[in-house]
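Please work through each task before turning to its solution.

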Amino acid sequence: MKQQLLFLSFMIIPFVSFSQEETFSINAEGITLKEILLEIESQSNYTFFFVDSWLDADPISVNFQNKPLNTILTEVFKDTYLNYYVYKNQIILTPNNLVYDALPEGFFGSVNDTIGNSLTSGDKAGKRNMENISPIFYKGIQNRNLNKPIKTLSIGKETTAKSNKKYSLSGVVTDKVSGKPISNLAILVKSKNIGAITDSLGYYEIKLPQGANLLETQSLGSENLRTRVVMYNNGKLDISLNETYEELGEVFLETTNNNNVSDAIVGSETINVEQIKNIPLVLGERDILKVATTLPGITKAGEGAAGYNVRGGRADQNLILLDDAVLYNPSHFFGIFSAINPFTSGDVNIYKGSIPAKYGGRLSSVFDIHTKNANTQKFSGEAAIGPVTSNLSLEVPVVKNKSGLIIGGRATYSNWILKNLDEESLNNSEASFYDIIGKYHHSFYDKNKIQATGYFSKDKFSLTSDSLFSYQNRLMSINYEHKFTEAHKANIIFSNSDYKFDISYENDIRDNFQSGYNINESELKMILDYELNENHNFIYGLSSKLYVVDPGEIKPIGGESEITKLKIPRERGLESSVFISDEFKISEKLLLNAGVRYSIYAALGERSQRIYETGLPKSTATVLDTLNYKNNEVIETYGGAEARLSARYFLKPNLSVKASYNNTYQYIHTLTNNTTISPTDIYKLSDLNIAPQKANQYSLGLYKNIDNNLYELSAEAYYKRSKDLLDFKTGAKLFLNENVETEALQGVGKSYGIEFLVKKTRGKLNGWLGYTYSRSLIKLDSEFNEQIVNAGRYFPSNFDKPHDVSLVANYKITKRFSFSANFAYQTGRPVTYPIGQYDFNGAEYVFYSDRNKYRIPDYYRLDLSFNIEGNHKIDKLAHSFWNISIYNVLGRNNPYSVFFVTKDGKVEALQSSIFSVPIPTITYNFKF
Amino acid sequence: MRSYAIKYIVVFSLLISVFGCVEPFDIETENLESALVIEATITNEYKKQEIKLSRTYALGDEGPNPESGAQVKVVNLSGDLYQFQEEEPGVYRSSQEFSVENNSSSYQLEVITSDGKTYASEPVKLDASSEIMEMDIVKSTQPINGVEKEGLALTVNSGENDSKFYRYTYQETYEFRSLYRIPFKFILENGVIDTAPKTEEEYLCYVTRDSESIIISSSSNIVNEAVSDFPVRFLSKENPAISYRYSLLVKQYSLSREAYTFYEVLNELSGSESLFSQNQPGFVNGNVFSVDNPNEKVLGYFSVSAVDSHRVFFNFTDFYDRTERPPYPYNCTITRPEYPVLLNAVENDAVSLISQANGGADSEGMGPYRVVPKPCVDCRVFGVNVKPDFWED
């Protein structure tokens, strides 16, 4: 299909004659199509007209006994792009096109009977039913200002069957040189506002109207292609592109292209790892989740805080999925690094507004992180050497074009750094982490795919010679995909996640101990995707998840230790759900995504549970009875229907308004009374005495793209109400507490905000600017004094930061050099101050302010980075990339926490900060 | 358990010390509230009831900060009114003796401070009794600062009655014997050291101390079960208080469920020893409030309790062998300071006489007298040398 094809605008054949009932017999094995045609010619006086290259040279087997000509031809052309037309004794083959022997209805303005009669009076073989036929006409699309001629490709075989107005075009986009799939490539028809993005396998699927479409591709790092495709039917188009570095330095997030305006989801973001490489780094680590925090609505409580707060939600309300398995602790080193390997990650989709029905179990958001697929063509790799960590990933083809393995690992040499510090107290310290990930994917045939991921991360601290603290994530998932038809496919996913921490303490005194926590979950999930027609796309399925939690234990080490062994009994729970959603195109302007999910949770034995007096606060004092449940006996069930509704309406082609409503349930809770999340926080399952958390969120957004998506503007507002949020009494003790419910308070939450985002997606200067005004409030009220916090009024949550400004900008100086900056400003987070002390019953007590009444000083930070791309010689061994970053250029001493110490009988207020000076780093990356 | 918190802190401080910094900052103290603290428990004992008022004070200042000049009264909702007079700064006693009656109507506290603000308590009622059936002294091991220690637990068994919640206070009194029993002492005559026979008891004293923490218990789990074997006081075997004879007076106050929870939270908050408080701190609500301004914070609790008390005595040798006595609570090294040093020490009353030194210099020194620090000889450093009235030998 290299040369431009014959340009068939349309053909008018006034009359058709095809009266013979001549029959043929052909019986042959391993015969080519051409030979069949020649055979027919030899048996009759028909002549075929065709170009040799149209005919497949693959031998086929045929067995026709006295069959009419059209039966034979229909059969042999069935699997080709060829149509045929019989005109007298001439048989004209046409690629793609049908030869119409009639004018379409209304071609001459109105249809009169005469024409109608003549059109239908033909012989039956040539007779065509005019209904539902819409022939395809296209005029040459003017290719102005282009040096290269635009290629025209014809897709599919035109049929006379009921016509879809749109056909599906799918295929794989690969790099011409390496053969690697190109992910996150935008494929667009600009004039029609249609777009698609390639997935991590380079696969795309786009719905195009019949006829000619000017297809363009856009990505960073690949050439931009413009091709005219003429759609006759559903078809395939594989594209291979040259890698280019022209777009170097272009930042990010641009790939969703027109999606921000056109899809029905409110409050979703996609970050592609490839595209964040220019963002300034902390200690040399590219961090996908840190980039997420530069987007409106996603914040951290502070540097050194391990969790993320999405739209005023607590950190445990985020469902963080790494290849479909839950990642419990997404941080290393107290949140300074993320636990996601940047080299093996493909992209992350973040849903903070309307959450698709297939996800559930957490209230606030979903971070769906995908590992990219390995190159199946050739061995390749990437490495980075930074000041604190090093990183290596390898892509190994296993079966060419079918399967590959990607493995990545990271490790820190901070131990070595600590040993060499001048600070003597730290020389015996240890602080290290590492993570490894591997993913194997295999495409069996067109219809079946399988991928499997394994991940392990570990953090370890030993900062005094007698203590050792460690935590680890371990997860695996297997995803099997089967296509029943092009429109109907199923994914069956099994995943298992495990998170635990251990604390051990050994010194000369007799109080050596080991203590730990563990949670394990296994999930089986089936997701089906059925595209009924172009107006309905159903996604439905079911899932079931088993939690096993060992909430904590402590045991003595060695015979000398006098620590008493204590083990909190195991908790188990089963969370199951069914879900269905339909993306329903009501009209060209109105798109509705309506889903419902029903989730049910059962707390399972074997366990004992306390029964408390109803109407009284739960405490040791109000225990009525203790019930014992047998293994697998259902202790309590919770559940309910969750609505997932969102809709988009086009006000103008590049201006849309979207609205959504969501409700969610959460059956697992973090126990933390730290003001910020820490790795010693433990997860607790809902049971007889702890109800699930619930939330309702309403969002409304306005989206506009200007100048062919050069600028994307959006404004989103949300209002969220939560119920049964788990909080704790003043002074609660949570770890190794068998009856945590006596410390728990379940309150209502309210958060609302408005988020503005302006992105410039292309050009020398690109990046984005976001501003968010938001509040996150909680109310703990009760008829009992001890359960009231702040007089039962709404008060700011620990992460309520009303004003948040983020700027990420990238300036391309030349093709090889670029410069980026990142600025963040946030209101200081709330804290509770001790405001005095008093004497009571012979002892001194501290007098605290209302909870979260005060705020620490505002946070602001500027980071700069300079990127140097290696030279562009094609034959060189490796492609290199230097990044020089300065984190916190202004040296702002941003307080992370404030605390109070008693020193010589005086209480002193101190503030701590993690990075109080500019931190320069230099990182070297290379690809081979 | 507390060590976890501390370990975590160490980790954290590392991070800070590597990349960041810790520096003091000023909290805005001008606008900080000062709150009234009400410590009020009236009981079913017929006596002058006592209520303490104080005010919070700035962090780091010396307390207490008594609240003087307030008008304090307790009203019984059936019409009785009891006025309180300030007898010491911040300590108000009822003008007349009275006792709270069980199952009578509710009592309410009213306080008008000198600046004219009015405070009140929620009405509270006595609907429980308090009875200590017996006290036991049992050998036991208990964790002290995370380390299991051998020792004696003094336990209470309450009677079966209506209350499920108790607060305990105790007063311990014990014999204290000096390490050395010396019949002579130093005297100074015209600036010259001499010795003379002792005229006052310096060997046997009695030390009395009040409880300094909130001790609460509940007979949980099953309704109306008595509190049994509740350890009010644990004395490690190494505690010098039990070296000879020891006595404990325990008072058991009945509590309402609400009062119990209040004390429980207060306990938990003060139990946090770590620098970075792992606990969520905050204001602890009691049952007292400002009448004028519902947003004003008032600390403390007004409780109406039934009370019972019980005293026990025991000797160290009732439980352990005399060779196992706890170490003396002072480092008593005998020295022979040279005369000028000795003179200075005697003038400052810092040392006590053991004996006259014989001969020349030895490992103790070369001075004329062998001496030890005063606490090794004079028990009055620790207690009083008068036997209390209640003491039974």
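**Exercise 1.** Which residue of β5(A) does A:Y85 stand opposite?

*Solution.* The model is a predicted one.
Step 1. Begin with the two strands concerned: β4(A) is joined by six bridges to β5(A), which spans residues 90–95. These two strands run antiparallel.
Step 2. Follow the pairing to A:Y85; the residue standing opposite in β5(A) is A:I92.

**Exercise 2.** Explain why the buried residues of α2(A) lie on the same side of the helix.

*Solution.* Step 1. Helix α2 of chain A comprises residues 69–76, and its buried residues include A:L69, A:I72, A:L73 and A:V76. To count as buried, a residue needs 20 or more other C-beta atoms within 10 Å of its own.
Step 1. An α-helix has 3.6 residues a turn, so residues three or four places apart point the same way.
Step 2. The four buried residues named above, A:L69, A:I72, A:L73 and A:V76, cover an arc of only 95° around the axis, and therefore they are on the same side of α2(A).
Step 3. A:T71 and A:T74 are exposed on the other side of α2(A).
Step 4. The elements covering the buried residues of α2(A) include β1 (23–31), α1 (33–43), β3 (60–68) and β4 of chain A.

**Exercise 3.** Describe the sheet of chain A that contains β22 and β23.

*Solution.* Step 1. This open sheet has five strands, ordered β15-β22-β23-β18-β19, and its pairing is mixed.
Step 1. The edge strands are β15 (268–272) and β19 (325–326) of chain A.
Step 2. Within the sheet, β22 (residues 345–351) and β23 (residues 365–371) of chain A run antiparallel and are joined by six bridges. In this pair of strands, A:S345 stands opposite A:T371 in β23(A).

**Exercise 4.** How many helices and strands does chain A have, and what percentage of its residues is buried?

*Solution.* Step 1. Chain A has six helices and 57 strands.
Step 1. Of the 928 residues in chain A, 46% are buried.

How values were computed: Residues numbered from 1 in each chain as written. Chains lettered and ligands numbered in written order. Predicted model: local features only at pLDDT ≥ 70, side-chain atom pairs only at ≥ 80, totals over all residues. Pairing = 2+ DSSP bridges. Buried ≥ 20, exposed ≤ 12 C-beta atoms within 10 Å, placed from the backbone. Arc of directions from axis to C-beta. Contact = placed C-beta atoms within 7 Å.
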